[in-house]
Amino acid sequence: MLLTPKLDHLTAADYEHIYEPAEDTFLLMDALEKDVDLIKEQVKPSICLEIGILTSPLIIVILCTDINPYASQITLKTGKQNAIHLDPILTDLASGLLPRLRHSVDILCFNPPYVVTPSEDVNSPSAIEKAWAGGIDGREVIDRTLPLVDELLSARGIFYLLVISENKPDDIRKIMQERYNFQSEVVLSRLSGREKEIILKFRR
Amino acid sequence: MRLITHNMLQCHVKGCNTNNFPLELSEIEYELQETEFNPQFLRNFVPKLEWDALVRTAMKLGITTLPDKLPDTPIQEIDEKFLKDLHRVLLETHIQQGRMTCPNCQHVYPIKDGIPNMLLNENEV
């Protein structure tokens, strides 16, 4: 079993600047836990990339990108608190990693800003709003990420994506199949209040 | 930022597509932080490294333990001394402060409190 990360170093003041780990965070962790044997025995990952930091204590090199400087600092601390090393990079999605990491990432995880909002909220100056505002259908950031998945993922790599039903998961799966020839499945889904959260998993 | 991360970063300024790797380090403060030695991980990782870039970057920091060329021996037979030196450079050398300059367009990416900042202004994307 994977241990729940220690988060007691985080305070209420921190959560004014970063998205507090919530049901969606833990659902993504549960999905990774469910696949832990597959990941360890078949994928044998050496590079893991988390877009929008989540922290999965599975792999040795964990690049964590985030556009929020505060989140990147918290990532370093969270790694230390949990006796693993995380490598935070302050950037937008995977900018600055391509084409160097073309087809090199073995595990890619993304807990995107998925909440349906007006389009202009996606570029809000508030870091915390940016962490959840997804624009039309909550899809604007997700859709910008999909082509990167094809660029980044290695031959045996797996992409885990958290979505809600409003994001039209079937449409995302269809796009990944038709444009990039990715197979997909639903790993887990859970009702959290009124929100149905779903973990999608994509492989070549 | 560990040197393993530096080995994966490149300039992404709009239109800057050649000679944009590795980013050149300057005004660097770094420290060593010990971590568990995992030879199998290193063996698996060697093919994913840009070796010349790593050697050149380490030299910049005054670290001369890495050979100019990767050993000819098959990866599974690489000797432990080599792997230990590599472990030190790649996973235990942490850059805390400094600058990374693109050799092509001269854009500067700062490193602050151990975190590389790859964000660009809107007109540079």
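**A look around chains A and B**

Trainee: With 11 C-beta neighbours inside 10 Å, does A:Arg179 count as buried or exposed?
Mentor: Keep in mind that we are looking at a predicted model. A:Arg179 is found in helix 6 of chain A. A residue needs 12 or fewer such neighbours to be called exposed. A:Arg179 has 11 of them inside 10 Å, so this residue counts as exposed.

Trainee: Where in chain A is confidence highest?
Mentor: Chain A averages a pLDDT of 88, and 94% of its residues score at least 70. Confidence is lowest in strand 2 (residues 61-66) of chain A, at a mean of 82. The highest value, 98, belongs to residues 169-180 of chain A, which form helix 6.

Trainee: How far apart in space are A:Arg179 and A:Ile142, C-alpha to C-alpha?
Mentor: Along the sequence, A:Arg179 and A:Ile142 are 37 residues apart. In space, C-alpha to C-alpha, the separation is 15 Å.

Trainee: Which element gives the largest share of the largest nonpolar core?
Mentor: That core has 58 residues, and those with the most contacts inside it include A:Leu28, A:Phe159 and A:Tyr160. A:Tyr160, for one, touches A:Leu28, A:Ala31 and A:Ile199, among others, leaving out residues up to four places away in sequence. The largest share of this core is eight residues, and they come from strand 5 (residues 153-164) of chain A.

Trainee: How many residues are in the other core that lies apart from it?
Mentor: This other core includes B:Ile4, B:Ala58, B:Leu66 and B:Leu86. Its number of residues is twelve.

Trainee: What arc do the buried residues of helix 3 of chain B cover around the axis?
Mentor: In helix 3 (residues 51-60) of chain B, the buried residues are B:Leu54, B:Val55, B:Thr57 and B:Ala58. They lie on the same side of helix 3 of chain B because they cover an arc of only 165 degrees.

Trainee: Which residues are exposed on the other side of helix 3 of chain B?
Mentor: The buried residues of this helix are covered by elements including helix 1, strand 1 (24-32) and helix 4 (80-91) of chain B. On the other side of helix 3 of chain B, the exposed residues are B:Asp52 and B:Met59.

Trainee: Which element gives the largest share of the side of chain B that touches chain A?
Mentor: 22 residues of chain B are in contact with 22 residues of chain A. Helix 1 (3-6), helix 2 (39-45) and strand 4 (115-116) of chain B each give two or more residues to that side. The largest share, three residues, comes from helix 2 of chain B.

Terms used
Residues numbered from 1 in each chain as written. Chains lettered and ligands numbered in written order. Predicted model: local features only at pLDDT ≥ 70, side-chain atom pairs only at ≥ 80, totals over all residues. Contact = placed C-beta atoms within 7 Å. Helix = DSSP H or I, 4+ residues; strand = E, 2+ residues; numbered from the N terminus. pLDDT = per-residue confidence, 0-100. Buried ≥ 20, exposed ≤ 12 C-beta atoms within 10 Å, placed from the backbone. Arc of directions from axis to C-beta. Core = buried A, V, L, I, M, F, W, Y, C linked by C-beta atoms within 7 Å.
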